[in-house]
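Below are some notes for a colleague who is opening this structure for the first time.

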Amino acid sequence: MKPLQELVRPNIWSLSPYTSARDEYQGKDAKVFLDANENPYNAPFNRYPDPLQRDLKKKIAIIKGVKEQSIFFGNGSDEAIDLMFRMFCRPGVDNAVAIEPTYGMYGVCADINDVEYRRVLLDENFQPDADKIMAATDANTKLIFFCSPNNPSANNIDRKVIDSVLDRFEGIVIVDEAYIDFAGVPSYLEQLESRPNLIVLQTFSKAWGMAGIRLGMAFAQPEIIGIMNKVKYPYNINQLTQQRAMDEVMQYDRVQEWVKSILRERTRLMKEFAKLDCTLQVYPSDANFFLARVKDAKATYDYLVDCGIIVRNRSKIALCGNSLRVTVGTAPENNALIDALKKFK
């Protein structure tokens, strides 16, 4: 890895961050707060939230087995993805590389930040080639993105490929593990201490069942997290989100039961889907969804909409012609899908 100062945009490296009242005073013992121009009424929502979400980080650090200083919380993982471009990529100069197909926000954030986005096509099994990824890089490549399990293909990316890129690339490698709880493989968090150029993304939206509160997680060396905290807006995670996440963290065993239930249903649903007349192929899944190639994706999608059942038509995505992406629901929801498609002609 290059020295971090060489990777970070010069204006970001020298940035003096905004300092909020809650940055200057972090204690909880004071009884009178007259420092932040807050309304004295309507407690507790009249007070600004902890800008660094310290209490929540303490709990997540234990669950994930990382240092508190290695955790960043964002307004969804999308905030962290956007920060990667803002921190490391000079607009109109630097570039990022990613596998294709994959999560669409990497490319959107690149476009928003005026950063060239280079796509490296996966093979027919939705796996990348490390040499092809490295061949797509040059002296101005700052970021490489892997989504594993990948979206929309649902499969784990070959760890040998990711490891090879981590060993060879001098910039930042982001491994997006939004679906890691369903994957059956170790998280790259285990390599965080030994990989200074690694950033791991996770989320509360999937296994935790809290997509509605918009809370994402990024894990990296404390030096990188420190720069992220400099660039983010001061109170990016509101008090309601922090409290709801804290409530759920205290019931982590319930989350683990949800994951077990989804995995059981995934196996059953994929087997039933493979038997349907409209199905040509069901691809392996390591996530809480699967990709299936059907005879006519548009006709199948439109039929399901008429039945009040919504899946995702991914036919316009590279390598995904005539493919539907199906999220694993509850047993009754999955039964409704299969029953409807058995009647589809």
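1. A term is needed before the sheet can be described: two strands pair if DSSP finds at least two bridges between them. Strands of a sheet pair through backbone hydrogen bonds, either parallel or antiparallel. Please keep in mind throughout that this is a predicted model.

2. The sheet is open and is built from 7 strands. Their order is β1-β7-β6-β5-β4-β2-β3, and the pairing is mixed. The edges are held by β1 (71-74) and β3 (116-121); each has a single partner strand, so one side of each is left without a neighbour in the sheet. On average, neighbouring strands of this sheet are turned by 25° against each other, direction ignored.

3. Which strand does β1 pair with, and in what sense? The partner is β7 (residues 216-219), and the two pair in the antiparallel sense over 4 bridges.

4. Helix α9 (residues 222-231) lies across β1, β5, β6 and β7. Relative to β1, α9 runs at about 30°.

5. How many cavities of 30 Å³ or more are there? The count comes to 1. The volume of the largest cavity is about 60 Å³. Its lining is made up of S148, N156, I157, R159, I162, V175, E177, I180, V185, P186 and Y188. By class, 7 of the lining residues are nonpolar, 2 are polar and 2 are charged.

6. R195 deserves a separate look. This arginine is found in the loop between β5 and β6. Is R195 buried or exposed? Buried means under 20% relative accessible area. R195 has a relative accessible area of 13%, so R195 is buried. Its neighbours within four places in sequence left aside, R195 is in contact with D163, L166, D167 and Q221.

7. One runs from A43 to P44, with omega near 0°. P44 is found in the loop between α3 (21-24) and α4 (54-64). Another cis peptide bond runs from S148 to P149, with omega near -5°. P149 lies in the loop between β4 and α8. S148 has come up already, as one of the residues that line the largest cavity.

8. Next come backbone angles. Q53 has a positive phi of about 50° although it is not a glycine. Like P44, Q53 is found in the loop between α3 and α4. The relative accessible area of Q53 is 2%, so this residue is buried.

9. L319 also has a positive phi, of about 70°, although it is not a glycine. L319 lies in the loop between β10 (312-313) and β11 (323-327). How accessible is L319, and what is it called on that scale? The relative accessible area is 32%, so L319 is partly exposed, a term for values between the buried cut-off of 20% and the exposed cut-off of 50%.

Key:
Residues are numbered from 1 along each chain as its sequence is written. This is a predicted model: local features need pLDDT of at least 70, side-chain atom pairs count only at pLDDT 80 or more; totals for chains, interfaces and linings use all residues. Side-chain values use heavy atoms; hydrogens and water are left out. Axes are lines fitted to C-alpha atoms, for helices over the stretch in contact, and angles run from 0 to 180 degrees between N-to-C directions. Contact means heavy atoms within 4.5 Å. On a 1 Å grid over the protein atoms alone, a cavity is a set of points where a 1.4 Å probe fits but cannot get out, and a pocket is an open set with protein on both sides within 12 Å along at least five of seven lines; lining residues have an atom within 4 Å of a point. Grid points are joined across faces, edges and corners, and a volume is the space filled by probe spheres set on the points. Ala, Val, Leu, Ile, Met, Phe, Trp, Tyr, Cys and Pro count as nonpolar, Asp, Glu, Lys and Arg as charged, and the others, Gly among them, as polar. Buried means under 20% relative accessible area, exposed over 50%, partly exposed in between (1.4 Å probe, protein chains only).
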